[in-house]
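This report goes through the nonpolar and aromatic features of one protein model. Please look over the sequence and the 3D view before reading on.

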Amino acid sequence: HSSIYQNIIFFGVRQFCYPHYANSMKIDLKSYWLAILVLGCISLLAYTGLFEVPIFSSNSDQIFRLVFVLCGVWVCYLLVLVLSGEKNIGPISWLLILGFAGLFRLQMVQLPALQSTDYLRYLFDGKLLLEGINPYSAPPLEFPQFGGNLIPKPWVITIYPPLAELLFLLANWLGGSLQAWRGVNLVADLGCILLLSQLLRKNKIPQKWLIAYLWSPLILKESINSAHLDIWTLFLVLLFVFFWQARNNWGAMLSICCAVLIKLVPVIFIIPWFITVPGTKKRLLIISVGVLILLLPFVPFLPHEPLGSLLIFFTHVEGYGLMFNMFQFIFSPETARILLTATGGACLFYLTVFRGNLWSSNPLRIFELGFILYLFSSMGFPWYLTVTVPLTVFFGVPFLTLFVMLSHLTYYLAPLSLYWLIPLMGSGVVLIISILVRKEFYSLKRIYESH
């Protein structure tokens, strides 16, 4: 009997951790599309509850309402991943998946940006450019006529690279409203969907796993509703991976350079790809052209640049990082930042320089570096995890997705200095479990090698 129970536990854990490869819980197509219909309707009703949440509130009841809604849609999302065991899902299921994805996005666009004001900085920067003013020249407080005193952190000069500033300019040219900026983000969202579909087909992974992106609460809340810029970073990193797998080194170089010119984070993906470029001369040529592409967009803004503002931002902005919040209870916040930056930097340097072959053999794994960066980040904003969503799409790892969910909820519970510790500690436990289970299953099943 004990062996039977062990097998039940083994198959149950395998189904939850890696449903891409689990065959123990197959369901017929009718049951699957009925499950999609039910879970989709529940999610739709849950998102409707966000219409009752104030745009920005520190009231505990309102925060709990927001977290309750997000928790509900995250649970539905995880259930969808667990139930996704069939390779072929049929046209009815596809119609439901795409239909609900569209309805979710329509709801997010109709809502105000809940608990988020970052888009105000985006639109302000674009307004300055439209007026012919260099956004790197002075802090927003010096431009009250354009609403510079009303945006987040008005004493800090913008930290966004030039290509991001051009996107902000485009949003202002389209009307300068939140909806205009959301429209710009929806273009990147569509690009992500198309690229993920191509990558799934290229790597012979069932197309149905696109639901892991289409229904992702992180994408819907942070990229569509809150309209964070990171969706463009994800799009360009996916394009980078697409060219990398196609062995188009020039396309990969251009894509990753554009991604860095949106946000600096994708710089961590460069070395694992660069070591796969054949020939010393070709490497030198590519790196030379890449450096030029990265530097030239800053020339029109000289002598002003955003690097000094980045340092101010990272040292003075309050952080919500998982490890940062643990460390600051032991050390001071300043010491915690230094320790995490040094440790995280050393870890990323070792993994990318000395163990780059871990990702060069399978570029789809490159998104794991996004998790590592997030863990050591003192910021810990949930939209930083946007770049990790493809891991669920390609490999179906709800343990890590559960970690993302808890990190997401942790951020919104942060104003309640007592309660937010609960999901924070839960995140740590889930992370440890995911690492341990990953080692066991990957060593036994060699999942990554199967691709």
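How many aromatic pairs does the structure hold? The structure holds 26 aromatic pairs. Rings of Phe, Tyr and Trp (its six-membered ring) pair if their centres lie within 6.5 Å; planes under 30 degrees apart count as stacked, over 60 as edge-to-face and the rest as tilted.

The model is predicted: local features need pLDDT of at least 70 and side-chain atom pairs count only at pLDDT 80 or more, while totals for chains, interfaces and linings use all residues. Residues are numbered from 1 along each chain as its sequence is written, and side-chain values use heavy atoms, with hydrogens and water left out.

**Aromatic rings**

One of the pairs joins phenylalanine 104 and tryptophan 215; the ring centres are 5.4 Å apart and the planes stand at 80°, so this pair is edge-to-face. The two residues are 111 residues apart in the chain, phenylalanine 104 in helix α4 (residues 90–110) and tryptophan 215 in the loop between α8 (211–214) and α9 (217–225). Helices here are DSSP runs (H or I, at least four residues), numbered from the N terminus. A separate heading is the aromatic cluster formed by Phe381, Trp383, Tyr384, Tyr411 and Tyr412.

Buried means under 20% relative accessible area, exposed over 50%, partly exposed in between (1.4 Å probe, protein chains only).

| Residue | Relative accessibility | Class |
|---|---|---|
| Phenylalanine 104 | 1% | buried |
| Tryptophan 215 | 2% | buried |
| Phenylalanine 354 | 55% | exposed |

**Nonpolar cores**

A nonpolar core is a set of buried Ala, Val, Leu, Ile, Met, Phe, Trp, Tyr and Cys residues joined through side-chain atoms within 4.5 Å. The largest one has 122 residues, and those touching the most other members are Trp181, Tyr213, Trp215, Leu229, Phe367 and Phe394. Helix α3 (residues 60–83) supplies the largest share of this core, twelve residues. Another core lies apart from it and has six residues, including Leu128, Phe143, Phe146 and Ile151.

Helix α18 (residues 368–376) is mostly covered, with eight of its nine residues buried. Among them are Phe371, Ile372 and Tyr374.

**Surface patch**

Ile271, Ile275, Phe349, Tyr350, Val353 and Phe354 make a nonpolar surface patch of about 550 Å². Such patches take residues with over 30% relative accessible area and no salt bridge, nonpolar side chains being joined within 5 Å. A salt bridge is a side-chain nitrogen of Lys or Arg within 4 Å of a carboxyl oxygen of Asp or Glu. Helix α16 (residues 333–354) gives the most to the patch, four residues, and phenylalanine 354 has its place in this helix.

Methods:
Patches are made of residues with over 30% relative accessible area and no salt bridge: like charges are joined within 9 Å, nonpolar side chains (Val, Leu, Ile, Met, Phe, Trp, Tyr) within 5 Å. Accessible areas come from the Shrake-Rupley method with a 1.4 Å probe; for residues, only the protein chains shown count as cover.
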